[in-house]
Amino acid sequence: MVVTAMVIIIAYDGKVHLFEAIGFLIIYCIYISSILTISYAKIWWNSRKTPCLHKSEQMKWQRGSEEMSTTIERSLPLRYLARTIAENRDTMGPNQHNVNMPGLTWPRHAYVFMKIVWIIQWPFVLLQWLTIPSCCCDGHWSKWNFYFTCFTPTPLGLLLLTATCGWGGYALYVGKMPLVVLIIIIGMGTSILLLLVLSPKKHPNWFLHFFLTVVTFAATVIWLNIIANEIVSALQALGSLINVNTAIIGLTILAVGNSAADWVAEIVITRAGKPEMALACCFSAPLIGDALGLSIALIVKLVHNSGKPIHFSIQGLEFFQVKLAWIFLGVAFLTNLIIFPIFKFNPPRLCSVAFFMVYGTFVIFLVLSTFHLIPPIM
């Protein structure tokens, strides 16, 4: 609600200043700090209220857990256990360590449909492994992780060149040397250095692990930026072909595609009996896009403009539809804030119908404004 009101207030005068963009980042930092503080305070308070278990009780609890796990293992079908053992045997390396190469290992025991999906996505997964180093955050490290990590610097440098300068970057020169040649030379030197400091039989130390984690995060952001730009370009081309406003496409097709993964995750979490966590996901996901994503984008643009404010039209149809979306988003947030505490996070099915009606009303207003059946009064 705070971010929604702040966006409407900032956009009212048709320009965005640098301090206003930084304000979104401050709000997000306050949100994260509040969540961490409340969580740790709750853990500390519960630890004080809950008495410590005696050694005998701890041994009973541990013995009961072991008996429960044994019972579960005995109750599993033999066919499932044999299939699991076969899958683990296929992923064992020469040193009896699990080789964690998701997407590259042939799914021998999978169904035919999953094998077809694996064949289709294999080139993209290979490109991912060639440009994103393995930081072994899952605890697995093998010779293949070592080889791919050492080979990553050159493809990652070319990916960064493509993301920053486009295809025209391959024609740039640094002095008399092509920029591409310079990137390849630096990448090969970095690969040789990684071959010397890394080992295929030993996990990276804490410093190299931290370095690989930072590089992995940066490479992931670069890929997300490239994919987002391509999706936006494709949607703009689609809007030009079918003569539909780009704001309509962004508020419908792009919004649904962007929220599909969150929607599935929230359904799974709710069915697992954790509606509070699902509700938190509903709020945190748009908050990251609205506060963090919007602030970073605006700060980069304002710094590029030497701190001069960004001006935009507040009288056009597109901006009216964006304001309409922000208003309905605020209404949805306020409705959630009232309904869920009242019903103790167990609202009736009728509430879901009400939320669908809110979204349907938003789409109706969106279509009516597109065909100029309602004036842009806001």
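Me: Which residues form one aromatic cluster?
Reply: In this predicted model, where local features need pLDDT of at least 70, side-chain atom pairs count only at pLDDT 80 or more, and totals for chains, interfaces and linings use all residues, one aromatic cluster is formed by Phe-328, Tyr-359, Phe-362 and Phe-365. Residues are numbered from 1 along each chain as its sequence is written, and side-chain values use heavy atoms, with hydrogens and water left out.

Me: How is a pair of aromatic rings described?
Reply: The distance of the centres and the angle of the planes describe such a pair. Rings of Phe, Tyr and Trp (its six-membered ring) pair if their centres lie within 6.5 Å, and planes under 30 degrees apart count as stacked, over 60 as edge-to-face and the rest as tilted. The whole structure holds 12 aromatic pairs. In one of them, the ring centres of Trp-106 and Trp-118 are 5.0 Å apart with planes at 85°, so this pair is edge-to-face. Trp-106 sits in the loop between helix H4 (78–90) and helix H5 (112–131), while Trp-118 is in helix H5, 12 residues apart; helices here are DSSP runs (H or I, at least four residues), numbered from the N terminus.

Me: Are Trp-106 and Trp-118 buried or exposed?
Reply: Buried means under 20% relative accessible area, exposed over 50%, and partly exposed in between (1.4 Å probe, protein chains only). Trp-106, at 41%, therefore counts as partly exposed, whereas Trp-118, at 15%, counts as buried.

Me: What are the angle and the distance for the rings of Phe-328 and Phe-365?
Reply: Their planes stand at 50° and their centres are 6.0 Å apart, so the pair is tilted. Phe-328 belongs to helix H12 and Phe-365 to helix H13 (residues 349–370), 37 residues apart. Phe-328 is buried at 18%, and Phe-365 is partly exposed at 33%.

Me: Which residues have the most contacts inside the largest nonpolar core?
Reply: A nonpolar core is a set of buried Ala, Val, Leu, Ile, Met, Phe, Trp, Tyr and Cys residues joined through side-chain atoms within 4.5 Å. The largest one here has 16 residues, and Val-3, Phe-24 and Leu-298 have the most contacts inside it. Two or more residues each come from helix H1 (2–10), helix H2 (18–49) and helix H11 (275–304), with H11 giving the largest share, 5 residues.

Me: Which residues is Leu-298 in contact with, leaving aside its neighbours within four places in sequence?
Reply: With contact meaning heavy atoms within 4.5 Å, Leu-298 touches Val-16, Ala-21, Phe-24 and Ile-310.
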